Structures are given as structure tokens and as C-alpha cells.
Protein chains: 6
Amino acid sequence: MAKRLLCYYSPMSTTTSEHSLSEHAVSERPAPERKEPAYLFTEKQVAEKSEIARRFLETRARLNANVDKANNFLVKRFYNLDHTIYLEGTLPAKTKELMGLVASACLRCDDCISYHAIHAYRLGATRAEQEESLNVALVIGGSIMIPHLRRAYELLEELYG
Amino acid sequence: MAKRLLCYYSPMSTTTSEHSLSEHAVSERPAPERKEPAYLFTEKQVAEKSEIARRFLETRARLNANVDKANNFLVKRFYNLDHTIYLEGTLPAKTKELMGLVASACLRCDDCISYHAIHAYRLGATRAEQEESLNVALVIGGSIMIPHLRRAYELLEELYG
Amino acid sequence: MAKRLLCYYSPMSTTTSEHSLSEHAVSERPAPERKEPAYLFTEKQVAEKSEIARRFLETRARLNANVDKANNFLVKRFYNLDHTIYLEGTLPAKTKELMGLVASACLRCDDCISYHAIHAYRLGATRAEQEESLNVALVIGGSIMIPHLRRAYELLEELYG
Amino acid sequence: MAKRLLCYYSPMSTTTSEHSLSEHAVSERPAPERKEPAYLFTEKQVAEKSEIARRFLETRARLNANVDKANNFLVKRFYNLDHTIYLEGTLPAKTKELMGLVASACLRCDDCISYHAIHAYRLGATRAEQEESLNVALVIGGSIMIPHLRRAYELLEELYG
Amino acid sequence: MAKRLLCYYSPMSTTTSEHSLSEHAVSERPAPERKEPAYLFTEKQVAEKSEIARRFLETRARLNANVDKANNFLVKRFYNLDHTIYLEGTLPAKTKELMGLVASACLRCDDCISYHAIHAYRLGATRAEQEESLNVALVIGGSIMIPHLRRAYELLEELYG
Amino acid sequence: MAKRLLCYYSPMSTTTSEHSLSEHAVSERPAPERKEPAYLFTEKQVAEKSEIARRFLETRARLNANVDKANNFLVKRFYNLDHTIYLEGTLPAKTKELMGLVASACLRCDDCISYHAIHAYRLGATRAEQEESLNVALVIGGSIMIPHLRRAYELLEELYG
């Protein structure tokens with residue numbers, strides 16, 4: 001599905017704008033094989049396991065339905081890009097979800113932390129891997145992220161406890 | 001050109017992923033008419049007017065050529081999105097470049113400030129408009145952005161002085 | 001009213017401090033004509049239209065009353081500066097509220113997003129203008145601001161839906 | 001207690017890694033005398049005075065118990081470092097809690113603001129000192145931190161009102 | 001001088017805007033006594049001691065002269081506010097410069113770090129006090145600020161070495 | 001070596017402070033086996049391959065020598081923690097360097113990007129893995145990090161070109 005997306009995706013139109021790269025080289029390197037990751041658990045299973053996850057996923061679904069309804073062209077393209085980057089590719093999807101967790105913790109976004117922790121869990125990440133990822137973020141991001149760490153551990157406890 | 005891009009752009013593939021929105025509504029609202037803005041000045045003219053701009057544009061072009069050569073699929077898509085957002089659309093391109101200036105100043109990125117100040121200039125923004133945009137950023141972002149403000153004023157002086 | 005403020009505002013006293021600029025030039029350029037914008041809707045009307053806006057405005061008013069009571073000199077001066085920057089001036093008040101929206105979204109502050117979205121609405125910004133502003137922020141600020149985007153769209157839905 | 005910790009703390013092991021400094025000089029300068037600050041109020045007394053503080057301290061204690069249970073080695077070391085830095089030392093503990101308040105406000109973390117405001121209060125900081133610290137943060141961090149300022153004043157009102 | 005400024009400063013005009021606080025209470029609490037701090041060293045003396053400081057101060061003076069020339073009303077008011085906050089007041093000027101150092105390091109602004117480290121030095125801060133302030137910032141802000149710490153230590157070495 | 005450090009590391013002293021966790025559970029879970037990663041290339045080899053890397057490593061070594069000389073107790077402990085987190089452990093060292101790269105790019109720190117890109121290279125990361133990591137950061141962090149991306153690609157070109 002995602003692969004098909006890539007095939008259909010139009011070559012970046014030639015443009016004189018400074019914002020975009022020249023496009024001549026597009027054909028040089030084929031887009032890497034990307035595919036949907038194989039989740040070990042459905043969102044529903046996660047929601048049954050963790051009340052925190054359930055509330056997060058439900059709120060997210062409700063709000064996304066509203067964004068969806070607005071049907072904003074750019075938002076859809078951005079969401080699509082966001083979807084693509086976490087597919088199986090040069091790096092395993094699980095590794096990229098854990099990277100997303102590190103970045104989310106450093107940038108101190110609770111929703112993003114929940115999102116990536118849940119997806120890493122669905123892809124088989126162990127609790128130790130999640131904690132180690134959060135540790136990388138803690139050292140890089142400092143004590144200012146400790147309140148987020150505390151909330152993340154509450155989620156981990158529900159998912160793995 | 002950009003419009004053609006929109007036509008060719010594949011409808012977001014249906015996907016089960018949480019990253020993307022459902023796509024059913026895509027046809028509801030047509031993508032807004034977008035077109036390349038009409039610049040009053042070429043980059044070359046800007047570079048002749050301002051030594052700071054010249055150095056920035058040259059370094060940027062040299063480094064972008066290198067990124068271009070790498071031909072990374074995701075980077076190209078992101079650059080393309082970045083290009084699209086600043087086109088004439090619901091809001092005038094000039095307004096969006098000034099918005100980019102405000103955001104760049106708040107986020108404290110010198111290169112981004114130079115980029116948007118130069119583009120706003122090319123689109124006919126007055127010095128007073130640039131200063132007022134920087135003032136919005138100064139109040140929102142605080143004194144931590146003053147070093148960037150100082151450097152921005154040096155560029156404005158060369159462009160408008 | 002605001003104009004009167006400017007008239008009464010004392011010329012910055014001469015000072016030897018490194019923090020302030022020299023003042024000799026103060027008279028060179030008159031302070032730009034600034035005036036209160038003409039709102040299309042009162043806060044009360046906004047609160048009647050949107051439950052999210054109502055809760056935000058009420059909490060804000062209650063907390064501001066408390067700050068007001070403290071009567072801190074510096075806070076009052078800062079609030080005053082903050083007030084001044086969004087007045088009609090070189091740039092229209094509506095444009096500056098949308099700039100405030102972009103910056104608030106990039107800096108990921110829900111309260112600030114609500115504040116500027118409400119004010120832009122009160123000044124006649126269309127939903128498409130608000131969405132386009134959020135798009136500028138999305139591209140500049142990245143997926144880390146998507147949770148804020150989702151909440152912003154919920155507010156937009158109530159205001160314009 | 002903290003002092004004993006320092007004595008027991010192993011000299012940084014010699015290592016070839018780029019991450020750590022060479023260790024030869026460790027003995028040159030003795031670790032500064034550090035000791036637990038003398039609090040004027042217990043957490044319990046603070047919680048009785050302020051409902052906001054009570055809720056913050058209880059949530060924090062509950063979540064920390066969970067982190068504690070996880071017994072993550074790196075987290076414990078980081079918490080320990082975090083504990084050490086706020087001890088009485090070259091700078092008074094109260095000053096450092098106020099510094100923590102400034103940084104927390106600039107970095108816009110409500111929990112961290114509450115934490116440091118409460119500790120500064122427990123160490124005898126006056127309300128005027130807390131407000132002045134928040135003012136430093138306001139000027140440095142800009143209007144984006146005003147929502148946090150408002151909430152901080154609500155806490156200050158309960159603690160000192 | 002600064003005190004005179006406060007006297008001349010117009011009471012915030014009554015305004016209906018949401019940006020400003022109501023003004024009724026202005027007379028309740030007199031503005032705190034503020035005065036210029038007594039510097040132990042002139043900027044010239046600092047520049048003679050440290051090549052890094054000399055270059056920073058010269059560049060800053062040159063760029064500020066340019067900002068000064070632009071004579072932007074809002075910038076002048078912000079600079080003035082920024083000047084006022086670091087005066088002797090409820091907290092000693094030296095403490096506030098060290099707070100500025102902590103915030104600058106957490107927000108990772110080299111120029112701001114240099115500025116506050118130089119001013120703390122001019123006000124008699126010891127090297128140990130500067131290092132301890134940087135330590136607070138290091139724990140709060142994490143390893144991402146280590147490159148700035150390294151550069152700060154180079155300046156400290158020149159100032160105190 | 002690092003393992004020895006862990007053995008010598010004192011159990012966190014019991015403390016009444018709110019900053020630290022209670023320590024009772026320390027013995028429950030043994031500290032994970034951690035060891036120095038096996039680098040494929042020495043820093044010297046990297047420096048010979050890339051002029052950008054050489055300048056970065058030399059400046060870093062020179063400035064670190066200065067920090068080292070200061071022999072600040074807390075800095076040494078933080079550096080040590082920073083060293084420990086990137087050792088081989090629950091997650092491979094290479095993965096954690098790539099995580100460091102993602103976080104550094106999102107937090108927009110050129111020196112940190114160079115550091116982690118160089119270390120990932122020394123641990124055998126391919127160029128495609130580095131690019132994919134930067135892509136995760138680009139989508140999360142947005143266009144504001146493009147200037148850093150450009151400079152990162154220049155380094156990658158020298159290392160892998």
C-alpha cells in the first residue's frame with residue numbers, strides 16, 4: 001500500500017523556487033523499499049491493557065476525525081510524510097519508533113511520548129529498550145524532562161507491568 | 001507548475017496506520033489554487049545589494065547542491081512540502097514569508113531569519129513591515145532572541161539602507 | 001487610548017547600562033500611529049459560540065485577576081508591551097494575530113494558540129486563513145506540534161463549524 | 001548524608017571514551033562542601049497551605065514511587081545528580097532553587113515551576129524574590145511563558161497570600 | 001537615573017484589550033527601589049583581560065549601534081525593560097546576572113552566555129559561582145548544552161585564569 | 001572499565017530530599033552489563049577522512065582540556081553519566097548514537113550532530129542509516145532544522161563520499 005503510494009507519487013515538479021532542490025537527480029537512486037510494519041498488538045489490545053493508552057488513543061482518534069473532516073491539503077500531505085518515515089525501511093520500524101520516543105522526550109511532548117511508546121510496544125520493543133531510550137533522552141534533555149519521564153513510566157508500568 | 005504537482009499528486013493511499021488520516025474526504029474540498037509568487041527582485045539582485053545576503057545565498061546553494069546529489073527521497077518530499085507552503089494561496093506569499101520570519105526569530109535560527117527576510121524583501125515587504133514582524137517575535141520570544149535581532153537588523157540595513 | 005499611552009510614555013532615560021540602546025535618536029522617527037483594532041465579535045460572543053473558548057477565556061480572566069492583584073511593576077510593563085505590539089500599526093492587527101498563532105504553534109503553547117486563534121477570529125480571519133497559518137507552523141515546527149494542531153482544529157471547528 | 005555520598009562516590013574510572021574527560025586532575029580540587037539545606041517548612045506544611053501544592057506533591061510522589069520501583073540504574077544516577085546540584089554549596093540552596101525557577105519558567109515546564117517555587121518557599125524565599133525571579137524569566141523567555149506565569153502566580157497566592 | 005525613569009513612566013493607560021491587566025491597582029504597591037549596580041570592572045577592563053570578551057563586546061556594540069540607528073519604538077521599549085530587570089532590586093544584580101547565565105545556558109545562546117558571564121564577573125561573581133550556575137543549567141538542560149559549556153569555560157579561563 | 005565504575009559506584013545514600021528516589025530497591029535489579037563499544041575507526045582515521053570532522057574533533061579536544069583543567073566535580077559526574085549512556089547495553093551503541101543524532105538534529109545543535117554522526121560512523125553505521133535518522137528528525141523537528149541538515153550532509157559527504 002505504502003509502496004504503491006511511492007509509485008504514484010509524482011516526481012517533484014521542476015521549479016525555480018529556492019525552497020526546493022533541483023530534481024534532475026531523482027531517478028539516480030530508487031526510493032528505498034518501504035512497507036507497513038507488522039504489529040504484534042492491535043491498538044484495541046493496547047487499549048485493553050492500559051487505561052492511559054486507551055484514553056490517549058480515543059482522544060487522538062476523536063480529534064483526528066475532526067482534522068480529517070477539515071480535509072486540509074497540506075495537513076494531509078504532512079500526515080502522509082509522517083506516516084512514511086516510520087515504515088520499515090533502511091532502519092527497522094521499531095528502532096524508528098524508539099527514535100521518535102527519544103525525540104519526543106527531549107522535545108517534551110507527552111502525547112508524542114505516549115504515541116511512540118505505544119507503537120514501539122506494538123512492534124515488540126521490550127520495557128528495557130523503552131527505558132534505555134528514555135535514558136538517552138534524559139541525559140541529552142536534562143532534568144526538565146523528568147516530569148515527562150514520570151508520566152512515561154506510568155504508561156510503561158501499565159503496558160508491561 | 002506547483003498546480004501541476006497537485007494534480008499529479010497521488011491521493012493518499014488508504015492505510016491502516018495511525019499516522020495518517022483516513023482519506024475518504026479527500027475529494028470534498030479542492031486543493032486551493034496555489035501559484036509561484038512574483039518576485040520583485042532576483043536572488044542575484046539581492047546578492048548585489050547585500051554582502052550578508054550574498055554569503056548566505058552562496059553557502060546555501062553550495063550545501064543544497066550536496067543535499068540534492070544525495071537524492072534522498074524523504075528529504076525531497078519535505079523540501080517540496082516546504083516549497084508549497086510559501087506559494088501564493090489563501091494568504092499572500094509575502095505575509096507567509098513574514099510569518100516564517102516571526103517563527104524563525106522565535107525559534108532562533110539565523111539562517112532561517114536570513115532566508116525569510118530576503119524572500120520577504122524580494123516580495124516587496126517594506127523595512128517597517130520586517131521590523132514589525134521582528135517585534136512580534138521579540139515580544140513572544142523574549143530577550144533570548146536579541147542577538148538574532150541584532151544580526152537581522154544588520155541584514156535589513158544592507159537590504160534597505 | 002493606546003496612542004495616549006505612547007504620548008505619555010517617557011523617553012527612555014539616558015543610562016550607562018549595556019542593556020539599553022543610546023537614546024539620542026529617539027526623536028528621529030516618530031512612533032508609528034497605533035490604535036486598538038475593531039473587533040467583529042466580543043469575547044462574550046466567542047464564549048457563547050465555543051465551549052473551548054469559553055473555558056479558556058474564563059480561566060485566563062480568573063488567573064489574570066490574580067496577577068493583576070499582585071500589581072508587579074515589571075509584569076505590568078511587559079503586559080503593556082505585549083498589548084502594544086498587537087495594535088493596528090504597520091501591519092494589520094489580524095495579520096499579527098495570525099503571526100502570533102504561527103509562533104505559538106511552533107513554540108507549542110496551547111493557551112497561546114487558543115488566544116491568538118480567538119483574536120484572529122474576532123478580527124475577521126477566515127477559517128482558511130487560520131488553517132494556512134497553522135500549516136506554516138506545521139512545516140516549520142514539524143510533527144512534534146501535531147497534538148497542538150489537533151486541539152487547534154477542535155477550537156476552529158467550534159468557532160467556524 | 002549527601003557528603004558521605006560524595007566520599008563514597010568512585011573516582012571516574014579511567015576511560016578511553018570521548019564522552020568523558022581525562023581523570024588525572026580529580027584530586028587537584030576537593031569537591032566543595034555540600035550539605036542538605038535546612039528547610040523552614042516540611043512538604044506536609046506546604047501541602048496544608050496550598051491545594052495546588054498538595055496536588056502537585058501527591059501526584060509527584062505517586063509517580064516517583066513507580067519510577068523508583070522500576071529501579072533503572074541510569075535514572076537513579078541522574079536523580080542523584082539532580083539532588084546534589086541543589087544542595088547548599090558555593091551558592092546558597094535558596095538561590096539555586098530560584099535559578100531553577102527561572103530556568104523552568106524559560107523552558108516552560110509547569111511541574112518544574114511548581115517544584116522550584118515550593119522549594120524556594122520552603123527555604124525562606126519571599127514572595128517578592130519569587131516574583132523577581134519570574135520577571136527575569138519573563139523578559140528572557142518572552143510572552144510565550146505568560147500562561148505559565150499566570151499559573152505560577154496562582155500558586156504564589158496560595159503559598160504567601 | 002533608572003529611578004527617574006520609573007517616576008516618569010506613565011501609568012498604563014486604561015484599556016479594554018485582553019492583552020493588558022486592569023490598572024486600578026497600580027498605586028497599591030510602589031515600584032521597588034531600583035538602581036544601577038556598582039560594577040567592579042569596566043567593559044574596557046574586561047576586554048583587556050579576555051580576547052573572547054573583547055570580540056563579543058565589540059561586535060555587540062557595532063550591531064547595537066545599527067539597531068539604535070533604526071530607532072524602532074518597540075525595540076527601544078523592550079531594551080529598556082531588559083535593562084530594568086537586571087538593576088539592583090529585590091534580588092542583587094549579581095544574582096540576577098547569574099540567573100541570566102543559567103537561563104542562557106539552558107536556552108543555549110552563546111552570546112547571551114557571554115553577556116551574563118561578563119556582567120556577573122564585572123559585579124564580582126567568583127569563578128566558582130559561575131561554574132555552579134552553569135552546573136544548575138547543565139543538570140536542567142542536559143548534555144545538549146555541553147558545547148556551550150565548553151565555550152563558556154574558555155571565557156571563564158580568560159576572565160579568571 | 002565502565003563495569004568497574006558501576007561496581008565502585010556508591011549506592012545512592014538514603015536521603016530525605018525530594019530530588020532523589022528512595023533507595024531501598026537498588027539491589028532488586030542488577031545494573032545492566034555495559035561495555036565500551038568496539039569502534040571500527042579511530043578518531044584519527046575520521047579526522048584524516050574529513051576536514052569538517054578534524055576541525056570539530058580538534059576544537060572539542062582543546063576546549064575539553066580546558067574544562068578538564070577546571071576539574072569541576074559536577075561536570076565530571078555529568079560527563080561520566082553521558083559516557084555511560086552510550087555504552088553497549090540493552091540497545092546497541094550504534095543505535096544509541098543514531099538516537100543521539102536524531103535528538104541533536106531536533107534540538108538543533110550542530111556540534112552534537114557532528115559528534116553523533118562521527119560516532120555512528122565509527123561504529124559502522126551506513127550513510128543510509130544516518131540519512132534515515134536525519135529524516136526522522138526532519139519530520140519531527142520541521143523545516144527549522146534544514147540548515148543543520150544541510151551542514152550534516154556536508155559532513156556525511158566527506159565521511160562516506
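Student: What makes Lys96(A) count as buried or exposed?

Tutor: A residue is buried if 20 or more other C-beta atoms, placed from the backbone, lie within 10 Å of its own, exposed if 12 or fewer, and partly exposed in between. Lys96(A) has 27 C-beta neighbours inside 10 Å, so it counts as buried. As to conventions, this is a predicted model, in which local features need pLDDT of at least 70 and side-chain atom pairs count only at pLDDT 80 or more, while totals for chains, interfaces and linings use all residues. Residues are numbered from 1 along each chain as its sequence is written, and chains are lettered from A and ligands numbered from 1 in the order in which they are written.

Student: Where is Lys96(A) found, and which residues does Lys96(A) touch?

Tutor: Lys96(A) belongs to helix H5 (residues 93–106) of chain A; helices here are DSSP runs of H or I with at least four residues, strands are runs of E with at least two, and both are numbered from the N terminus. Contact requires C-beta atoms, placed from the backbone, within 7 Å. Not counting residues up to four places away in sequence, Lys96(A) touches Tyr86(A), Leu91(A) and Val136(F).

Student: How many helices and strands does chain A have, and how much of chain A is buried?

Tutor: Chain A has eight helices and zero strands. Of its 161 residues, 53% count as buried. Among contacts in chain A between residues at least 6 apart in sequence, 70% join residues at least 24 apart.

Student: Why is Pro92(C) called partly exposed?

Tutor: Pro92(C) has 14 C-beta neighbours inside 10 Å and therefore counts as partly exposed. Pro92(C) is in the loop between helix H4 (73–85) and H5 of chain C.

Student: How do you know that chains B and C are related as by a two-fold rotation axis?

Tutor: Chain B can be laid on chain C with an RMSD of 0.0 Å by a turn of 180° and a shift of 0.0 Å along the axis. The two copies are thus related as by a two-fold rotation axis. The superposition is by least squares on the C-alpha atoms of residues with pLDDT of at least 70 in both copies.

Student: Why is it said that these copies meet through the same surface?

Tutor: Of the interface residues of chain B, 100% are also interface residues in chain C, so the copies meet through the same surface. The contact takes 23 residues from chain B and 23 residues from chain C. On the side of chain B that touches chain C, the largest share, nine residues, comes from H7(B). That side divides into 13 nonpolar, six polar and four charged residues, where Ala, Val, Leu, Ile, Met, Phe, Trp, Tyr, Cys and Pro count as nonpolar, Asp, Glu, Lys and Arg as charged, and the others, Gly among them, as polar.

Student: Which residues touch the most other members of the largest nonpolar core?

Tutor: A nonpolar core is a set of buried Ala, Val, Leu, Ile, Met, Phe, Trp, Tyr and Cys residues joined through C-beta atoms within 7 Å. Of the 294 residues in the largest one, Val102(A), Val102(B), Val102(C), Val102(D), Val102(E) and Val102(F) touch the most other members. Leaving aside neighbours within four places in sequence, Val102(D) is in contact with Ser133(D), Val136(D), Ala137(D), Met99(E), Val102(E) and Ala103(E).

Student: What makes Val139(E) buried or exposed?

Tutor: Val139(E) has 25 C-beta neighbours inside 10 Å and so counts as buried. Val139(E) lies in helix H7 (residues 127–141) of chain E. Beyond its neighbours within four places in sequence, Val139(E) is in contact with Gly142(A), Ser143(A), Leu81(D), Asp82(D) and Ile85(D).

Terms used
Contact = placed C-beta atoms within 7 Å.
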